[in-house]
Amino acid sequence: MTDNAAPPVGPLVTGSEIARLAGVTRAAVSNWRRRYDDFPAAAGGAANSPLYALAEVQEWLDKQRKGQEVSPEVELWQAMRAAYGEQMVAGLAEVASALAGESGQGLPEDVATRVRELARTEAPVDLVKALTERFTDSARRAGSDQVTSERVVRAMCHLAPELRSDATVFDPACGIGVLLLSVASEAGARCCGQETDADSARFAQLRADLLGRSGVRIAAGDSLRADEWPDLKADLVVCDPPTGVTEWGREELLLDSRWELGTPSKAEGELAWLQHAYAHTGPGGQVLMAMPASVAYRRAGRRIRAELVRRGIVRQVVALPPGTATSHALPVHLWCLRRPENTGAADTNQTVRMVDLTGNSPDGSLEPRPDQVADVPLIELLDETVDLTPGNHLRSRHRDYPGEYAALREELEDQVRRLATLLPALAPGGEPGSLDGATTSVADLARAGLVAYDGPEPVSASEQLDTDYLRGFLRSSVNARRSTSASGTYRLDGRGSRIPRMGIDEQRRYGTAFRSLSAFEEGMRKVDELSRQLADVARDGLAAGALVPEE
């Protein structure tokens, strides 16, 4: 590696961005770093995510003839990275402001110059789209939840109802507007959003303006504490809310009218967002909500889940595949709610559709197979836990109870038949204690090199001693007492144990009997486990109606 004495000047790039510049894979760049001593030294970042000076990288690529001409768009992005660092959303908002014809006085001169040059050859909307794609891609690769995952957006768009041309769509935690503008793709739809981060809200609004979406209005502020849309009743509310946030304002919002299903606990901020979204639906309005899988079963949210089920509000829960989210590998659930058309009338919905796609690829089809979907009656959900996890309800419905019961019964019968054959044939011997006379301590055998330890139990280390014979006598009740401490804890301790002295042929005869007894004990454990499984399958199959008693 080259050791630069002076600190580098100008934009910094990651290894992935070097790969883009050179038109190679990320692995190729890692290989260059190892192979070439003159590869530029890291100029910043962390050990596992170093940053390099763009000018030095370009010079090295040119010298190695590995580089390609850097596009003005890439140069703009790198200049923005150097100027804004972790505050890239603020930079995007400033650039979008300049492209929209506003002053753009907040832009650093280097960035402003590149924006003006690009604006001469590219349409502002195309440039903003390209910068947005770069930002969302970098957030995805960093594992950030700053932007809704494109896979979650795809699933939301798939499940969203067909909207009228004059429909209203609302996102109370819209970020930079990716989910809101994707679901409401029709230019005529009215789109309302709110976002706590002022830079994200500003960029979302400017991006919508540049896209020609005149019906989009984004407000800045905390939706739960300071709702900027108190009178809004939308046809569709979509939301990918903040997760795991306990300081969402519960104490100051205890008497809020939005909690018609119950006041969320401090740990259930997601259910506060859910009720906020539901409060903004008109009659017949729908909610599509991305939720962590744990919200479906956590005890603290049981009462609210019960109200959602009892009133027929929750219509569908879809468990998406692991890997759908950007920031973690856990499954994500999509909750689909619908407000009844007539508030006073009883809802006729009597089931909740459960869809379990967790076994699918995160980029696979969103259409469930027959075994991945079930309509679960409300009464089955209203138990002590009110668990809305799709997989827990699908497994019992698609199990082959008759096949499982027949297979387990046959296996149990085979095991029971084998048990009798495993017992050794034993004949009467001498009086109890007749083998106590001539014995040897295992400690003496170990000192003589006849015993070794392979794990917790000793084994024979000599042809003069049979391992099954040794272990069989060590497990006898007499030696077990010697291995039991005063507190009642059993730990095999060969130092105090003794075994009878016998010739090797006699040892092997005893060893065969002890080995058969061990196999018998293992068979009994297997029978015990099979018995429990068989009883559970039979009981559940009878309760589900999949099995019936014979006449």
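A residue is described as buried when its relative accessible area is under 20%, as exposed when over 50%, and as partly exposed in between (1.4 Å probe, protein chains only). By this criterion E307 is buried, with a relative accessible area of 18%, whereas R310 is partly exposed at 49%. The model is predicted, so that local features need pLDDT of at least 70 and side-chain atom pairs count only at pLDDT 80 or more, while totals for chains, interfaces and linings use all residues. Residues are numbered from 1 along each chain as its sequence is written, and side-chain values use heavy atoms, with hydrogens and water left out.

The structure holds 32 salt bridges, a salt bridge being a side-chain nitrogen of Lys or Arg within 4 Å of a carboxyl oxygen of Asp or Glu. One of them joins E307 to R310, with the closest N and O atoms 2.5 Å apart; both residues lie in helix α12 (residues 302–310), three residues apart, about one turn of the helix. Helices (H or I, at least four residues) and strands (E, at least two) are DSSP runs, numbered from the N terminus.

A salt bridge is also formed between R339 and E260, whose closest N and O atoms are 3.5 Å apart. This pair links distant parts of the chain, 79 residues apart, with R339 in the loop between β10 (332–338) and β11 (351–356) and E260 in the loop between β7 and α11. R339 counts as buried at 14% relative accessibility, and E260 as partly exposed at 35%. E260, E307, R310, R311 and R339 are linked in a network of salt bridges.
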